[in-house]
Amino acid sequence: MRILHLFKTVINILKGPSKSYPKGMNSIMDPLSDLVVIGEGFISAPGSIILAHDASTIIHCGKTRVEKTIIGKHVFLGANAVILPGVEVGDNAIIGAGAVVTKNVPSDSIVVGNPARVVSTVQDYISKCEERNVLYQVTDEVLKKHGTGIKASPQETKELLDSVYAEYNQRNGK
Ligand SMILES: CC(C)(COP(=O)(O)OP(=O)(O)OC[C@H]1O[C@@H](n2cnc3c(N)ncnc32)[C@H](O)[C@@H]1OP(=O)(O)O)[C@@H](O)C(=O)NCCC(=O)NCCS
């Protein structure tokens with residue numbers, strides 16, 4: 001185990017610092033990643049999974065089910081959400097944390113749960129967050145990088161967190 005860990009560490013050092021996200025951002029991607037199409041401006045949270053195959057049939061017939069999975073533009077995929085093979089996610093959709101997406105998701109909608117169901121529109125969600133005063137400005141440097149595939153630097157990430165904390169504390173009288 002230690003040798004394997006050392007080997008991986010050396011490989012990572014040789015590869016140098018990661019400057020860009022893979023197309024699946026923070027998601028675990030199906031090994032058939034060419035069959036996962038992701039539009040521009042995608043953001044995904046850790047633990048999310050995007051699938052394009054289902055190996056459950058191998059045991060029974062020696063074949064695996066394969067279907068292309070398509071994610072539109074400006075989609076957000078929540079923490080630990082799973083997108084199943086063959087699903088199409090419309091533009092601007094938000095997939096809630098932990099959702100299991102079994103069917104196509106309409107554009108501009110929010111889906112949650114298992115199986116994922118539409119609970120609102122994105123615009124209604126934004127309006128609700130504005131009413132509740134729980135939206136915080138993201139720094140220009142980080143916003144500029146959104147959709148470019150370039151990862152925010154540690155310094156830019158720190159500045160973002162500092163600015164959110166400052167605004168949060170000011171609003172909440174801390
Ligand atoms: C999907 C999401 C955007 C919806 O937020 P929302 O509109 O404020 O949701 P609400 O609190 O109004 O809930 C609406 C309904 O959906 C349910 N719901 C909300 N989020 C849910 C989720 N992730 N899974 C299951 N049900 C959820 C609520 O319980 C509520 O059900 P009810 O009407 O039966 O009471 C948000 O909950 C979410 O999951 N965001 C992603 C967070 C994340 O992954 N962050 C990672 C950081 S990068």
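Trainee: Which residue takes a positive phi in the hairpin of E13 and E14?
Mentor: Gly-113 does, with a phi near 90°, and the hairpin has four residues between its strands. Helices (H or I, at least four residues) and strands (E, at least two) are DSSP runs, numbered from the N terminus. This is a predicted model, in which local features need pLDDT of at least 70 and side-chain atom pairs count only at pLDDT 80 or more, while totals for chains, interfaces and linings use all residues. Residues are numbered from 1 along each chain as its sequence is written.

Trainee: In which sense do E13 and E14 pair, and over how many bridges?
Mentor: They pair in the antiparallel sense over four bridges; two strands count as paired if DSSP finds at least two bridges between them. Within this pair, Ser-109 stands opposite Thr-121 in E14.

Trainee: And E11 with E13, parallel or antiparallel?
Mentor: Parallel, over two bridges. There, Ile-94 faces Ile-110 in E13.

Trainee: What is the order of the strands in the open sheet?
Mentor: The order is E3-E8-E11-E13-E14, five strands with mixed pairing. The edges are strand E3 (43-44) and E14, each of which pairs on one side only. E3 runs parallel to strand E8 (residues 76-77), joined by two bridges, and Ile-43 is opposite Phe-76 in E8.

Trainee: Which helix packs on that sheet?
Mentor: Helix H3 (residues 122-131) does, touching strand E11 (94-95), E13 and E14. Touching, or contact, holds for two residues if their C-beta atoms, placed from the backbone, lie within 7 Å. The direction of H3 makes about 55° with that of E14; axes are lines fitted to C-alpha atoms, for helices over the stretch in contact, and angles run from 0 to 180 degrees between N-to-C directions.

Trainee: How many of the ten residues of H3 are buried?
Mentor: The count is zero, and H3 is hardly covered. A residue is buried if 20 or more other C-beta atoms, placed from the backbone, lie within 10 Å of its own, exposed if 12 or fewer, and partly exposed in between. After H3 comes Asn-133, with a positive phi near 60°.

Trainee: Changing topic: which residues come nearest to the ligand?
Mentor: Ala-45, Gly-78, Gly-96, Ala-97 and Val-112 do, out of 13 residues around the ligand; a residue belongs there if its C-beta atom, placed from the backbone, lies within 6 Å of the molecule. Strand E13 (109-112) and strand E14 (117-121) each supply at least two residues of this shell.

Trainee: How does the shell divide into nonpolar, polar and charged?
Mentor: It has eight nonpolar residues, five polar and no charged. Ala, Val, Leu, Ile, Met, Phe, Trp, Tyr, Cys and Pro count as nonpolar, Asp, Glu, Lys and Arg as charged, and the others, Gly among them, as polar.

Trainee: Where is Gly-24 placed?
Mentor: Gly-24 is in the loop between helix H1 (2-15) and strand E1 (28-29). Setting aside residues up to four places away in sequence, Gly-24 touches Met-29, Ile-38, Ser-44 and Ile-50.

Trainee: Why does Gly-24 count as partly exposed?
Mentor: Because 19 other C-beta atoms lie within 10 Å.

Trainee: Finally, what is the mean pLDDT of the protein chain?
Mentor: The mean is 89, and 87% of the residues reach 70 or more; pLDDT is the predictor's confidence in each residue, from 0 to 100. Over residues 16-20, pLDDT stays under 50.
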